[in-house]
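Hello,

Here is the structure I promised to pass on to you. My notes follow just below it.

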Amino acid sequence: KGLRDTEHQRASPIPSQFSQEERVTMKESLKGAIQIPTVSFNPGEFNTTALAEFGEYIHKVFPTVFRTSFIQHEVVGEYSHLFTVQGSDPSLQPYMLLAHIDVVPAPDQGWEVPPFSGLERDGFIYGRGTLDNKNSVMAILQALELLLIRNYIPRRTFFIALGHDEEVSGAHGAQKISALLQARGVQLAFIVDEGSFILDGFIPSLKTPFAMVSVSEKGSLDLMLEVNMTPGHSSAPPKETSIGILAAAVSRLEQTPMPNMFGSGPLKMTLQQLANEFSFPANVIFNNLWLFWPLVSRLMEREDITNALVRTTTAVTMFKAGIKVNVIPPVAQATVNFRIHPAQTVQEVLKLAKDIVVDDRVQFHVLESFEPLPVSPFDDQALGYQLIRQTIQSIFPEINIVVPGTCIAQTDSRLYTNLTTGIYRFNPVYLQPQDFRSIHGINERISVQAYESQVKFIFEFIQNADTEQRPVSHLHEL
Ligand SMILES: CC/C=C\C/C=C\C/C=C\C/C=C\C/C=C\C/C=C\CCC(=O)O
Ligand SMILES: N[C@@H](Cc1ccccc1)C(=O)O
Ligand SMILES: [Zn+2]
Ligand SMILES: [Zn+2]
């Protein structure tokens with residue numbers, strides 16, 4: 001379904017036009033945010049000094065947000081922030097915008113500029129968090145600040161939740177905010193979080209960028225494998241050591257991918273909605289998946305990112321064993337991080353893993369697990385999805401295709417299923433494969449222009465959420 005034949009662009013009551021001075025201020029504010037190293041190291045291990053400083057920083061750069069009478073600000077779990085923007089029309093169901101303040105660590109090596117410098121080079125702001133996810137934290141508050149300065153009074157109540165421990169589970173931030181809102185009896189029309197982008201160049205035969213709004217999210221299983229053996233002198237070793245047994249088990253897991261689930265879950269929908277964007281013969285192939293699915297599913301497996309969309313992935317991420325060169329190792333441990341396809345469950349993946357290892361000497365310990373997320377509605381009546389579509393059409397008129405997708409990573413939004421069934425993961429930012437690799441990698445950056453567009457997007461989105469919603473009519477193409 002293309003956008004071009006749907007409703008006409010509707011101008012926001014307050015145009016998203018910013019003065020030269022405002023544009024300079026907003027990019028400088030983002031740079032300042034990047035300079036505060038709000039790193040999450042491990043569960044329960046954060047840079048608390050930086051997190052506290054970040055709280056003061058947002059007060060400083062968004063003064064209007066904090067002094068507006070109809071906005072309530074609360075600190076939750078010590079460092080997370082919840083804003084309640086009270087709308088004038090209580091009959092409209094509220095929604096929520098999400099983002100996270102914390103970032104993953106960033107050692108200096110490999111960066112063109114230091115990761116916490118926030119330096120601008122050739123029109124790009126560099127640094128950890130410029131795409132994941134201080135861009136959203138700052139753009140949401142910035143858009144609100146600019147609306148307030150223009151005396152905008154929202155009709156629909158909305159919440160802004162800024163978690164401080166997303167990168168290490170969200171237990172202290174998002175989870176507490178979620179519980180707090182539930183205790184207050186809040187039910188949300190929808191949530192918008194990070195987790196997908198305007199994708200550019202991810203599918204080789206597709207030249208036009210398209211917006212993917214993730215309507216589901218993979219689950220996860222952190223599995224620790226352990227082998228215990230009696231220690232002894234290395235001069236008379238047993239035939240197999242704990243290390244050897246564990247290494248073989250881990251290798252079997254790596255060599256035996258989880259089943260290809262192409263055809264189950266939201267991916268088929270994604271491809272069907274994209275089909276007409278391809279030229280011949282790809283368009284015919286994607287329009288006839290019933291016939292070509294074996295071909296397409298094999299093609300998807302070839303690249304790591306598309307492979308992640310068709311199956312539960314298996315990543316061996318930690319390995320620990322051995323105590324001395326001449327001691328037979330008593331214990332060997334490895335951790336495997338599975339990212340679970342939406343059409344599977346934690347129990348199914350655990351069973352599959354055991355069936356692959358088939359070695360009684362290997363013990364399995366489930367460290368952490370989370371089921372994949374249900375698919376949020378994306379039909380014509382789905383308010384959140386349609387508002388995102390509508391705002392994309394206005395801010396990025398060159399994008400004429402918006403498709404529902406699956407987020408291959410995990411987001412804070414997964415902790416809010418108690419408040420809504422409409423969870424949409426979308427950042428209004430162009431992303432190319434090299435940018436994707438910069439997330440949690442090196443030289444993470446955002447262009448000044450892309451950041452401005454993100455602010456504009458939210459500035460219009462808030463207003464669009466306040467306008468009367470007409471049902472969207474579709475003229476089917478071809
Ligand atoms: C043909 C199928 C359609 C599309 C395929 C292409 C690519 C799609 C998949 C993923 C790439 C895009 C975005 C990414 C995922 C994760 C990043 C965002 C948030 C992560 C959460 C975090 O670590 O804080
Ligand atoms: N969002 C991050 C961190 C995370 C991992 C696992 C659970 C929760 C959060 C990821 O998907 O890798
Ligand atoms: Zn991240
Ligand atoms: Zn993130």
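First, some housekeeping. This is a predicted model, in which local features need pLDDT of at least 70 and side-chain atom pairs count only at pLDDT 80 or more, while totals for chains, interfaces and linings use all residues. Residues are numbered from 1 along each chain as its sequence is written, with chains lettered from A and ligands numbered from 1 in the order in which they are written. Helices (H or I, at least four residues) and strands (E, at least two) are DSSP runs, numbered from the N terminus.

Back to the helix pair. Two packed helices are described by the angle between their axes and the distance between the axes. Here, α1 (residues 20-34) and α4 (residues 134-149) have axes that come within 10 Å and cross at roughly 145 degrees. Those axes are lines fitted to C-alpha atoms over the stretch in contact, and angles run from 0 to 180 degrees between N-to-C directions. On the α1 side, E22, M26, S29, L30, A33 and I34 meet K134, N135, V137, M138, Q142 and L146 of α4 (contact: C-beta atoms, placed from the backbone, within 7 Å). By class, this contact has 7 nonpolar, 3 polar and 2 charged residues (Ala, Val, Leu, Ile, Met, Phe, Trp, Tyr, Cys and Pro count as nonpolar, Asp, Glu, Lys and Arg as charged, and the others, Gly among them, as polar).

Now the backbone. Most residues other than glycine have a negative phi, and most peptide bonds are trans. A cis bond joins D132 and N133, with omega about 10 degrees, and N133 is found in the loop between β7 (124-126) and α4. The bond from F280 to P281 is cis too, with omega near 5 degrees; P281 sits in the loop between α7 (267-274) and α8 (282-287).

V358, in the loop between α11 (346-357) and β15 (362-370), has a positive phi near 30 degrees. V358 is exposed because 9 other C-beta atoms lie within 10 Å (buried: 20 or more; exposed: 12 or fewer; partly exposed: in between; C-beta atoms placed from the backbone).

Finally, the residues around ligand 2 are E166, E167, S169, S220, A409 and Q410 (C-beta atom, placed from the backbone, within 6 Å). This shell has 1 nonpolar, 3 polar and 2 charged residues.

Best wishes

Technical notes
Contact = placed C-beta atoms within 7 Å.
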